[in-house]
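These are my notebook entries on a structure that I looked through step by step. I wrote down each thing I looked up, together with the cut-offs behind the words I use.

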Amino acid sequence: LATVLTAEGKSAEAATATARLTPADRARLAAGSSPADALRTAAKEAVSHGDMATAGSKYQQAVAADPKNPWVRLDYARFLATRGQAAQGFATMDPAASGNTPTAVYAAAVFDNEQHRPADALAKLDRVPAAERTPDMATLRADIIVPATIQRAKMLAASGKAGDAKAQLVALSRDPAVKPADRDTIPEALAALGDPDAAAALYRDAAAQSGPAGAKAAVDYAWM
């Protein structure tokens, strides 16, 4: 399990799984890892000891050892971001650098989202055909579709395309993929873009629905 989690870039989960292993099992795990994984592990150990110079060197060696591995690249990009080098992190995560595979695109989307760029993350995920998306990809897309679309709408409005921005938000409100808990943010975004009437209409539609979401929408509408 620790090996699989590490390969998928789930560092925190991998660390938890590894901590449960006996010393002998940890030794066997280390012996069976690829050179890139061994270098990545060494980089993380260096970080834990505050030796950032060694960590950076080990991460660079790990990427060089397996340049097509998007998860090795993701860990290096995360390290770079913590060092104030996010731009280099984005360059490291360019899907083209690891083969433009669906996994490479997904790993890049994960980094985009972690760096508060949900619109970029969604754009990347949408490059992967729906039928080819893994459950993890589908989960991330569902988690970010609202903040990503709102971010896109704000950028459109800032460039003078307020009509297109509002149209995207209205279309988003009708998307069945939107989670009920996220729907309240859509009329709020419309109101922030200067269209309180459209926002009120969405609140009224939501208030007509049964359940807690409808009750909350009714309260929000009353406070408009």
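**Entry 1: a ring inside the fold**

I began with Phe 111, which counts as buried because its relative accessibility is 0%; buried means under 20% relative accessible area, exposed over 50%, and partly exposed in between, with a 1.4 Å probe and protein chains only. I noted that this is a predicted model, in which local features need pLDDT of at least 70 and side-chain atom pairs count only at pLDDT 80 or more, while totals for chains, interfaces and linings use all residues. Residues are numbered from 1 along each chain as its sequence is written, and side-chain values use heavy atoms, with hydrogens and water left out.

**Entry 2: the chain as a whole**

I counted the secondary structure next, and the chain comes to 14 helices and zero strands; helices (H or I, at least four residues) and strands (E, at least two) are DSSP runs, numbered from the N terminus. Of the 224 residues of the chain, 35% count as buried. The chain exposes about 11,800 Å², of which carbon and sulfur atoms supply 57%; the areas come from the Shrake-Rupley method with a 1.4 Å probe, and for residues only the protein chains shown count as cover. I also looked up contacts, meaning heavy atoms within 4.5 Å, and among those between residues at least 6 apart in sequence, 47% join residues at least 24 apart.

**Entry 3: aromatic pairs**

How many aromatic pairs does a search of the whole structure find? I found four, where rings of Phe, Tyr and Trp (its six-membered ring) pair if their centres lie within 6.5 Å, and planes under 30 degrees apart count as stacked, over 60 as edge-to-face and the rest as tilted. One of them joins Tyr 59 and Tyr 76, which are stacked at 5.9 Å centre to centre with 25° between the planes. Because Tyr 59 lies in helix α5 (residues 52-65) and Tyr 76 in helix α6 (residues 70-82), this pair ties together parts that are 17 residues apart in sequence. Both Tyr 59 and Tyr 76 are buried.

I then turned to Phe 90 and Phe 111, which form an edge-to-face pair, with 5.1 Å centre to centre and 65° between the planes. Phe 90 lies in helix α7 (residues 86-92) and Phe 111 in helix α8 (residues 102-114), so here the pair ties together parts that are 21 residues apart in sequence. Ring pairs also link Tyr 59, Tyr 76 and Phe 79 into a cluster.

Phe 90 has a charged neighbour as well, since I found Arg 117 over the face of its ring, at 3.9 Å from the ring centre; a charge sits over a ring if NZ of Lys or CZ of Arg is within 6 Å of the ring centre and within 35 degrees of the ring normal.

**Entry 4: nonpolar cores**

I looked up the largest nonpolar core, which has 35 residues, and those with the most contacts inside it include Met 93, Leu 140, Val 146 and Ile 186. A nonpolar core is a set of buried Ala, Val, Leu, Ile, Met, Phe, Trp, Tyr and Cys residues joined through side-chain atoms within 4.5 Å. The largest share of this core, nine residues, comes from α10. Apart from it lies another core of 12 residues, among them Ala 36, Ala 46, Tyr 76 and Phe 79.

**Entry 5: Val 178 and α12**

Val 178 sits in the loop between α11 (162-173) and α12, yet it is buried, with a relative accessible area of 4%. Not counting residues up to four places away in sequence, Val 178 touches Val 146, Leu 172, Arg 183 and Ile 186.

In helix α12 (residues 185-192), the buried residues include Ile 186, Pro 187, Ala 189 and Leu 190. They cover an arc of only 155° around the axis, which puts them on the same side of α12; the arc is that of the directions from the helix axis to the C-beta atoms.

**Entry 6: positive phi values**

Where do Asn 100 and His 116 lie? Asn 100 is in the loop between α7 and α8, and its phi is positive, near 55°, in a residue other than glycine. Asn 100 is partly exposed, with a relative accessible area of 43%. His 116 lies in the loop between α8 and α9, with a positive phi of about 65° although it is not a glycine, and it is exposed, at a relative accessible area of 65%.
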